[in-house]
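Trainee: Could we go through this one together? I'd like to ask about a few spots as we go.

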Amino acid sequence: MRVAIVTESFVPQVNGASNTMRHVARELAATGHDLMIVAPGPGPAEHEGAPVVRVRSVGLPGYRSFPIGLPDAAVGRSLAQFQPDVVHLASPNRDHFGQCKAALAAGKHVVCEKPLAMTTAETAELVKLAAAS
């Protein structure tokens, strides 16, 4: 299976999100899945044999060493080129709705960390999109 992981944090950052996604990537690669990882900030361009697409980022106010990803056209281009079967979203809650909507519109399966969206209206829209895809 071709899996795209979109994460809010990844190596070289050391935190819960980065460590979790590092382990997920390792296990998916070890079981023969093709991966692409999308992550903010500077860091390695490859992990476990998978390309890491680095997106523009800014330091979090008060915690400048923690890069927060910014909307970036490179993500859409990379996903279109990679053609994943499933997109795993491990991103900030405020980003889930737009990211889920884009992945569903592209006909992709989505695994989204909780919450699915920030409002019940957004969640209902995503459920309708998923049912129609």
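Trainee: Which residues does A29 touch, not counting residues up to four places away in sequence?

Mentor: Quick ground rules: this is a predicted model, where local features need pLDDT of at least 70, side-chain atom pairs count only at pLDDT 80 or more, and totals for chains, interfaces and linings use all residues. Residues are numbered from 1 along each chain as its sequence is written, and side-chain values use heavy atoms, with hydrogens and water left out. A29 is in helix α1 (residues 16-30), where helices (H or I, at least four residues) and strands (E, at least two) are DSSP runs numbered from the N terminus. Taking contact as heavy atoms within 4.5 Å, A29 touches L35 and E48.

Trainee: Is A29 buried, partly exposed or exposed?

Mentor: Buried means under 20% relative accessible area, exposed over 50%, and partly exposed in between (1.4 Å probe, protein chains only). A29 has 25% relative accessibility, so A29 counts as partly exposed.

Trainee: And what is the phi of E48?

Mentor: E48 lies in the loop between β3 (46-47) and β4 (50-55). Most residues other than glycine have a negative phi. E48 is not a glycine, yet its phi is positive, about 55°.

Trainee: Where is Q83, which also has a positive phi?

Mentor: Q83 isn't a glycine either, and its phi is about 55°. At 44% relative accessibility, Q83 counts as partly exposed. Its place is in the loop between α2 and β7.

Trainee: Which residue does a cis peptide bond join to V11?

Mentor: Most peptide bonds are trans. This one has an omega of about 20°. The partner of V11 in that cis bond is P12.

Trainee: What is omega for the cis peptide bond that joins K114 and P115?

Mentor: P115 is found in the loop between β8 (109-112) and α4 (120-132). For its cis bond with K114, omega is about -10°.

Trainee: Which ring does the charged end of R2 sit over?

Mentor: The test is that NZ of Lys or CZ of Arg is within 6 Å of the ring centre and within 35 degrees of the ring normal. The charged end of R2 is 4.1 Å from the centre of the ring in question. That ring belongs to F82.
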